[in-house]
Amino acid sequence: MSASALGTDVLSSALPWSAPARSEDQDRRLHAVGSGAHTKRPTLMYGLAAVAGALAIAGAQMGLSILTTQGSYELKELTSQQRTVEWQKQILQDDVAGLSSPQYLAANAAALGMVTGQPPSYLRLSDGEVIGSGKAASSTSSVQALKKAAVTNSLVSGVPLVTDPDSSLDAGVAADTEALIDPAVPLAVADGLPTPKTH
Amino acid sequence: MTTRATRSPRRRTVIALMVVLIVIAAFVVRLVDIQVVNASDHISESQRLASGTEITLRGTRGDIVDADGSVLATSTLVYDVGIDPQLAAQGIKKRDADGKVVTGADGKPETIAWPDLAARIAAVTGQSTEEVTAIVVDKVAADPTSQWAQIARYVSTEVYRELAALDLPFLTFTAVPSRSYPDGAVAGNVIGFLNSDGEPLEGVEALQDSCLTATNGTLTYQRGRDGVKIPGTEVEKPAVDGGTLALTIDGDLQWYMQQLIAEETSRYNADWGGIIVMEVATGKIRAFAETATVDPNDPGASESEDRASRLARFSYEPGSTYKPITAATVIEKGGATHLSSVLVPSRKVFDNGAVINDSELHATERMTLTGGLVRSSNVAMSEFGELVDPQTRYDYLTKFGVGGGTALDWSGEPSGGFSAQPQDWDNQTFYTTTFGQAFTVTATQVASVYQTIANGGVRMPAQLVESCTEADGTVVTPDLPEPVRVIEKSTADEVGLMLENVFAQGTLADDVKIDGYRMAGKTGTAQITNGKGGYKKNLYFTSLVGYAPAEDPQYVVLTVFDEPKKERMSSANRSVYKKAMTQVLAHYRIMPSESETPLLPLTD
């Protein structure tokens, strides 16, 4: 830009900073480097660009920082939600703990009158033959999973059976013994006398 | 002048450069010192000085599961509830529905007094109001500035949340890792339990602690004034959870066996009883039941002697259940077969002066080796035992595991063994070793003997632990001894056939028969030492051990009673054995046999 204004060769236009110095060399050997009106504008431009860039970076950083801070508040909120849900999960787990234990299931089955411990017989599908004794199952169970429940589980002790809410793994027995020890004490009736429901 | 002029700037440059280099070098040294050599000190110091927080990340102790993956032991949290007595005694300000402090007529805020607050707490914890009130009142009376007292220990999450919802600023809650055993006493003898400090005391909880135990981690970060984590300041060293321990125990089968042995032990009035179910092909123990069994949820409810496994720690002279080993020895080394016969009186005085009696009187007859086992004749086994030298018999008993312990490596498990080396056997011991006396074994070792015979002569190491799956998914299987070929397959088959005849032709035949299945086994009525060099009178350790189906053995079942008093001999074990084996066959869907036991001659 400045080179073409001073009429120097085209090549020097690629060297805008050295061009004015060279043209003035002919007048004086040494003098302070002049800063012409033409050179001021680009400097300002670059300076502005640099400052704007710096401001932009600072702004972006501040924005990001605000976002991360915001994010960490959200994180805190979610973490506390997660904690609440974990507590709920723990409470529910505590509630159902032991309900899947074999002694509780077997006691429930026994309360329904189911029996266990019968020698198995199998029916072969290919020819319809019965493998094994083929005898009918006996009506007595080989173990008394409810009446003589021996495998304790403190998690379900006293929890009423699903199939017979009046009995539980150990309380059923306890109620009987209580009645035997002190027959004079009548059993408490909480919900009125049981009456048959007829329609 | 020219030399000074030219030299001096260069020299100055060199000197300046050197000074700069020295300074840089000093900085580099210091940098390395700070960043590398003393880095950890500075980091910890910075964390101490900064407004940072260090949190211990608790790893979770691993679960214990059964062969099907059902959880037998799992980790959970319970809470200790603490209180600041000094603050609590002052009560709290009464607030209305909007959260504003209610002021009384005098303009001062109204307070809710401690006894009222204690009632609220007691309603949740289930304690009495007086009890809770007293905790604070007593503490303040003793020390007015006291800042901590215990309200309750190990409360459930539900109670903890209800207490927290009371919004009392002076209550503190500390989470305490705890153990929960969903199946209660099922396999409690094997699982063991932890003490209240979380240290394992018994069973696999203790034996496999290295698998189950977790490694704690830490989380450090800096916090802003409002307690929010400053992003980018977290340094986390994650906790490593404990591994999942899989047992070979089948929980459902284990429950049945525990229920069964408890009923039968009380029915026969025995001191205690036990059942072991072992898989023939692998030596894996599927049930290890005994009376009485601890409920690991509440070990305190059991008598202290009932909290560990008796079955794993009891050793005894096995008696007749070891007669098949004599049979196997004389078949392999004495040239005998199941048809070989000897003349058997019910009492015999041997040439060396030893006197051996059979448990029942019988006419003198020529008994085959099969007959000796079926009638469980001590005299017959002594006579057959003479066919081989004591050292060979000792070697065979040792090969069958006597004195070798088991692969279970149970804590406190006796290794058993001989009372004397074969060269020191006295005249009586020379014969009694043919029918299971003068050495002791554990119940697991007895089960292993029958597993060996059922498995064609190869003993698989007894096994209770299937594997440990670490938190990163690595499956670690326990180091077990190699399988051992104890006797030849042909010998095992021949002994097996004789054991089938014990069940088919012995006195117990009708009581133990399961329709449709061929079975093999042996009874044992072992004498119990009275601790004074003799045996207890009329009290026995009875056992019945066998396997089914005999033509393709799948499972060994061992039942034992200590000192049954309703029926004192091994006949007490018949019903428990039959029920146990029936359940095993049904549980594992094992097909009935399609052939009958070939009957071998008992007499010649």
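Reader: Where in chain B does Glu563(B) lie?
Author: The model here is a predicted one. Strand S26 of chain B covers residues 555-562, and helix H19 of chain B covers 574-587. Glu563(B) sits in the loop between S26 and H19 of chain B.

Reader: Is Glu563(B) buried, exposed or partly exposed?
Author: Let's start with its backbone: Glu563(B) has a positive phi of about 55°, although it is not a glycine. Most residues other than glycine have a negative phi. For the burial class we count neighbours: a residue is buried with 20 or more C-beta atoms within 10 Å and exposed with 12 or fewer. Glu563(B) has 18 C-beta neighbours inside 10 Å, so it counts as partly exposed.

Reader: And what about Tyr154(B), is that one buried or exposed?
Author: Tyr154(B) also has a positive phi, near 55°, in a residue other than glycine. Its place is in strand S6 of chain B, residues 149-155. Because Tyr154(B) has 12 C-beta neighbours inside 10 Å, it counts as exposed.

Reader: What is the omega of the peptide bond from Ala548(B) to Pro549(B)?
Author: Pro549(B) is found in the loop between strand S25 (535-548) and strand S26 (555-562) of chain B. Most peptide bonds are trans. The bond from Ala548(B) to Pro549(B) is cis, with omega near -20°.

Reader: Which residue does a cis peptide bond join to Thr291(B)?
Author: Look in the loop between strand S12 (285-290) and S13 of chain B. A cis bond with omega of about -20° joins Thr291(B) to its partner there. That partner is Ala292(B).

Reader: Which residue is the bridge partner of Cys468(B) in S22(B)?
Author: Let's walk there from S10(B): strand S10 (residues 244-247) pairs with strand S21 (residues 465-469) of chain B in the antiparallel sense, over 4 bridges. S21(B) is also joined to strand S22 (residues 475-476) by 2 bridges, again antiparallel. Between S21(B) and S22(B) the hairpin has 5 residues, and Gly473(B) takes a positive phi near 95° there. In S22(B), the partner of Cys468(B) is Val476(B).

Reader: What is the radius of gyration of chain B?
Author: Chain B has 19 helices and 26 strands. The globule rule gives 25 Å for its 604 residues, and the chain goes well over that, so it is more spread out than a compact globule. Its C-alpha trace spans about 125 × 100 × 50 Å along the principal axes. The radius of gyration is 36 Å.

Reader: How far apart are the centres of the two domains of chain A?
Author: Chain A holds 5 helices and 2 strands, in the pattern α-α-α-α-β-β-α along the sequence. Its domain assignment gives domain 1 (38-96) and domain 2 (98-179). Taken over C-alpha atoms, their centres lie apart by 61 Å.

Reader: Which element gives the largest share of the side of chain B that touches chain A?
Author: Where the chains meet, 37 residues of chain B are in contact with 35 residues of chain A. Elements that give two or more residues to this side of chain B are S3 (71-83), H6 (157-165), H10 (251-267) and H19 (574-587). The largest share is 9 residues, and it comes from H10(B).

Notes: Residues are numbered from 1 along each chain as its sequence is written. Chains are lettered from A and ligands numbered from 1 in the order in which they are written. This is a predicted model: local features need pLDDT of at least 70, side-chain atom pairs count only at pLDDT 80 or more; totals for chains, interfaces and linings use all residues. Two residues are in contact if their C-beta atoms, placed from the backbone, lie within 7 Å. The radius of gyration is taken over C-alpha atoms; the globule rule is 2.2 Å times the number of residues to the power 0.38. Two strands pair if DSSP finds at least two bridges between them. Domain bounds come from an automatic or database domain assignment.
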